[in-house]
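Please open the structure in a viewer and keep the selection panel at hand. The stops below proceed from one chain to its contact with another.

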Amino acid sequence: MGLFAEVFTNLFSLRMLITSLLGTFIGIVLGAIPGMNGGIGIAVMLPFTYAMDPAQGLLFLGGMYLGSSYGGSISGILINVPGTAESACTAIEGYPMTRRGEGRKALYYSIVASGFGSIVGLVVLVLFAPALASLSVKFGPPEMLLLAICGLTIVGSLTGKNIVKGLIAAAFGLFLAMIGVDDATGKMRFIFGQRALRGGIDLIPAVIGLFAIAEMVKQAMKQLGSKGEENEIDLKKTSLLSVVKDTFTKHLGNILSSSAIGTFIGILPGTGGAIASFLAYGSAKGRDKEGTFGNGNPDGIIAPESANNAAVGGSLVPMLALGIPGSSTSAIMFGALTIHGLIPGHSLFVENGDIVYTFLYGMFLVCLFMILIGIFGIPLFSPIVKVKIKYIIPVVIMCSLIGAYSVNNSMNDVVVAVILGLVGVLFAKLEVPTTPVVLGLILGDLIESNYVRTATIVQAADVNFFFYVFTRPLCIVIFLLTVYLIWANIRVLHKSKRVQQESRIEQDVQEE
Amino acid sequence: MKKRILSALVLMLFAASLFAQGAGESAVADDYPSKDIQCIVIAAAGGGTDAMARAVTGPLEKQLGKSIVVINNGSAGGLVATGDIADADPDGYTLGVFSNTDVAGFAYSDKSNGIDVNNYTYIAALNTTGNIIIAKKGSEIKDMDSLIAYAKANPGKLTLGLPSATQKMDHELVNKTLGIDTTAVVYSGGNKVFADLLGGHIEAAILSAKFIKQAKENGMSVIGIMLSDRLSTFPDVPTFKEQGYDINNPAMRMLVGPKGIPQNVVDKLVAELEKGYQGDMTANISAIGECPVLLTGEKLQEFLKSDFAMREAFLSK
């Protein structure tokens, strides 16, 4: 009990409370600003934590991590500009709700789901970290290869009526992932003599370009076309209680399974919240019975938001238990630990239990702060939908360019963001969805590098590729999951087509 | 109307490129430093290279009385930032931190990288470390002898994880010196290699010395370090050399700048580093588990000359 008494007195000191509150607040704000995100914030703030004691510094960074995972949904829902790749799916369902006047409701769903997901991820982290960490390393190159391919099946869920256009977009994303240094050989590919492309296409400038810049340009073009008239967007009052009630009755299965998906994906090294939210969204859509996804279905907010926040706790599992960060953001937190001379791993729990447990229990406090800031913040930031778009456009563009710059402190990324912004506009004109591009970009590297590794290992072992892959139980499980997801997607596609046809017939009947 | 938006975007691109070219006036070297210095670190914040850079720049900025702004750019494994350092004005106000293995890897593995080792002023080497070979837990490989025996019994079947394509030289050195045939599995980052080693998907790996503690904690065998002397931070890890295989492949992180920094600026920085290594810097570097070594002037140039020659011979085949 001595340790816990120490942990709790430590945790509830004013210093700790202020640090975690501040971290969470900054995280939410950074997540919500298009172009900014938690990873950038954590990298920028990292040097400040060197002066703090380890647990305090970790909680500050942890607050930013958790907060930004939620914050990205705010701008996605309200102005259709997902602040992070993780909230790309949230915007697909959230923005239509805002247009219907249900912006507040969408935001409540988002914070409730984010809060619940966070708690699930953290509970798993606290209770099962060592056991799950040893499971996570069972995922070797062949498993990661199949998992990434499985992730690609989500394309179907991200696409409207025209699956071919979705596939084109995903293929474009996969192509973008090939630009730059080939990891396996160290050679350059597809840089067309442009030094700016040597670094390849980073995810953040791509998200900024395809979502933020493209959306703002589209809005500007719409404005010019409509000669300054704006469609007034309504902002209906919603009760938080009814949303909470709905979430845990109607959407209970969804929030539970999405949180589980998020935690699990987070645990796997080299993945992260974005893949978690895509997979959760895809599987939620696969269970959709009415074919209403894409038009503002709350399930499509709950799934990605609970998943990406659950992934936070998940990604800390291998980091703390094994010293292997599960995501790029937790990699920075790993750095924050090592700077204090602490090497994450089993001995950290034994030798520095006070630090680890202060951090772990502190994360629940962070989660509470996030929920409170989220709930009380909604009336404050939801009126942004009433702000004239001509005032929003320059602000978003400016934040986007700064955000793109700050990824690597490099103008190259700014240029990439602007060019992809134009690509995004072009895609919109051709009615090609842009979300699959991001999916392709995220998964392209995972697929390729793990394919090369698997192939190398197979060659060394001198066995057949398929024999090697399909004699591994986890591979078979993932393969079956992939088949199921494809089947579910086809089913949903048929259903939504039928729903559309029926509604068209109804319309025709009414018109007659 | 649409044209207007397009032209605005083109202007934006143009402004962006101007920004990138932003020329700094060269200051008089005598009163160096008269303004803040930027230090380009070729790795993301939070990693080992970043920690190393900050361990030195922290005390250095206090000594110089001007801020040193650390700029992290880990794009393409540091390749982009390595190029940026060469392109900066050689006035001493843009410095950088990378290691001999980074710059030689970029320069010699692919000419289209546009990196040339002669485009830099090498001010000082800050620390030294080396790569180790670790075998997975439960492997037949426990030490040098069993490593060689296993590899000889299974030619081409021993999988060795590498943190990046740049380490292919270490792999070739091991194959050649030990007279064995192993298969390299290339990753992007030491953490991923370590994860797959933990999962038993690869038999062994070449990793940086910073993984020694984690490796031992997880029951893995550390075969040896590829240096001519043991590291003071890990005195119980034997070298390859003392086990009869002469591989000396040190990785030294260095404070560098673009080619042509005035000698008096270099001298000033070296003098301050020498002062710093008497106190804070050494303490900071030791605190992050690295082995502080300050190598400057003639000694550094000599080391680099032979080191780059060795790497060129291996990598530009």
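Begin by colouring chain B by domain: the assignment gives domain 1 (36-128 + 250-315) and domain 2 (131-243), with bounds taken from an automatic or database domain assignment. This is a predicted model, in which local features need pLDDT of at least 70 and side-chain atom pairs count only at pLDDT 80 or more, while totals for chains, interfaces and linings use all residues. Residues are numbered from 1 along each chain as its sequence is written, and chains are lettered from A and ligands numbered from 1 in the order in which they are written.

Next, select the contact between the two domains of chain B. Twelve residues of domain 1 of chain B and ten residues of domain 2 of chain B take part, two residues being in contact if their C-beta atoms, placed from the backbone, lie within 7 Å. On the domain 1 side, α4 (100-109) and α11 (297-315) of chain B each supply at least two residues. Helices (H or I, at least four residues) and strands (E, at least two) are DSSP runs, numbered from the N terminus.

Now display the whole of chain B as a cartoon. Eleven helices and eleven strands are found in chain B. The C-alpha trace of chain B spans about 65 × 60 × 35 Å along its principal axes.

Finally, select the contact between the chains, where 60 residues of chain A meet 55 residues of chain B. On the chain A side, α20(A) gives the most, with seven residues.
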